[in-house]
Amino acid sequence: MIYAGIDIGSRAAKAVLLQDDTIVSSVIRDTGAESVKTSQALLKELLVGTGIEAGEIDYTVATGYGRVLVPYADENVSEISAHAKGINWYFPQVRTILDMGGQDCKAINCDGEGNVTNFVMNDKCAGGTGRFLEMIAEVLNIPLEEIGSVSLSSNGGIPFNTICAVFAKTEALGHLRKGVSRADILAGLHEAIATRSYNLLRRVSLEPGFAITGGISKNSGLVAKISQKVQMDPLLCADPQLCGALGAALYARNKSAIATPGVKMQYGYDDGTGSYFISIDEELCSGCGKCVDACPAGIFTMSRRNGRIVAEVKEEARKRLPILCPGVGNCRKLNSITCQAVCGENAIEHSW
Ligand code: SF4
Ligand code: SF4
């Protein structure tokens, strides 16, 4: 039997072709502006040299930011679920995953079957993501694939006040003009990204069996810094950038296993002013929809995920949570009703 996993990320599109238990082909290319066209080109490329025709693929699962833009996919699954399933194929002992993508960063806990048990995502700004590192590589005029090794040649990193994409670029340029070496600038930036990643990981359970996935895990300097912070050597698979596509292909192989009950979704971010996360326990959520009607700020919506209707925080609200929501205590004083008050299942929590 033949299965395809297609991962349309914000920066890179990836695909894996599985024949029973064997990866027979894989592709990585830029996502570009048109995800539908990219997904079609990706499939063509994936089949080159395999002797397999598109019509022979038994089941295809799409994942990633553009997963709904893969016209030939039979089903789609979140990238969080896909990364957990993909890394489990290589390392069944993994329980904690840091997925560092093109435009966001996720900390994930999973069980021995690669099912997600907890998850937190920081997608507020580009700081510390693949896009951020691309920008820094451009500013310092060093090929992206070399910035990790250059940072490792530093004798002492220069501290950075921020990894906000805009301010860090200005700060890096300022240091460069003052004659600070590129290695020290990169070491400082990598230290700042590692600290931010560690703070994200501390929001889930940081258990042994630790893996890093996503394109950034090819950066040896950053992996070394993160490893120091978490005091564990991360497990890295053959190509960590393909982990999501592999996970999607594995879901395609076992399509009945897409439901992953017990996931606690955490939407929001940390910044210098505080920690703003709304958690929805999907195992507890009955899908009643009462929170959608109750919230005066219109923060919630309902979606079908993993075969169930559950509440989630609207995408457009995730980066503006403290502006939209005063926190449960203050909301209770201002309104007759709150999300928590109407949720009979106790599925919603706020961090502020
Ligand atoms: S009110 Fe609670 S149970 Fe109902 S949809 Fe919202 S989170 Fe789920
Ligand atoms: S506390 Fe109030 S404003 Fe905040 S999410 Fe709940 S209902 Fe909406």
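Let's start at ligand 2, whose shell divides into 9 nonpolar, 1 polar and no charged residues (Ala, Val, Leu, Ile, Met, Phe, Trp, Tyr, Cys and Pro count as nonpolar, Asp, Glu, Lys and Arg as charged, and the others, Gly among them, as polar). This is a predicted model, in which local features need pLDDT of at least 70 and side-chain atom pairs count only at pLDDT 80 or more, while totals for chains, interfaces and linings use all residues. Residues are numbered from 1 along each chain as its sequence is written, and chains are lettered from A and ligands numbered from 1 in the order in which they are written.

**The two ligands**

- Around ligand 2 you will find Cys295, Cys325, Cys331 and Cys339, among others including Pro296 and Thr338; a residue counts as near if its C-beta atom, placed from the backbone, lies within 6 Å.
- Ligand 1 is surrounded by 14 residues, the closest being Cys285, Cys288, Cys291, Ala311 and Cys343.
- The shell of ligand 1 comprises 9 nonpolar, 3 polar and 2 charged residues.

- Strand β8 (residues 116–122) is largely enclosed by the rest of the structure, because 6 of its 7 residues are buried (20 or more other C-beta atoms within 10 Å of a residue's own, C-beta atoms being placed from the backbone).
- Strands here are DSSP runs of E, at least two residues, numbered from the N terminus, and two of them pair if DSSP finds at least two bridges between them.
- On one side, β7 (residues 105–110) runs antiparallel to β8 through 6 bridges, with alanine 107 opposite valine 120.
- The hairpin of β7 and β8 has 5 residues between the strands, and its glycine 114 takes a positive phi near 80 degrees.
- β8 also runs parallel to β10 (residues 264–271), joined by 2 bridges, and here valine 120 stands opposite glutamine 266.

Methods
Buried ≥ 20, exposed ≤ 12 C-beta atoms within 10 Å, placed from the backbone. Helix = DSSP H or I, 4+ residues; strand = E, 2+ residues; numbered from the N terminus.
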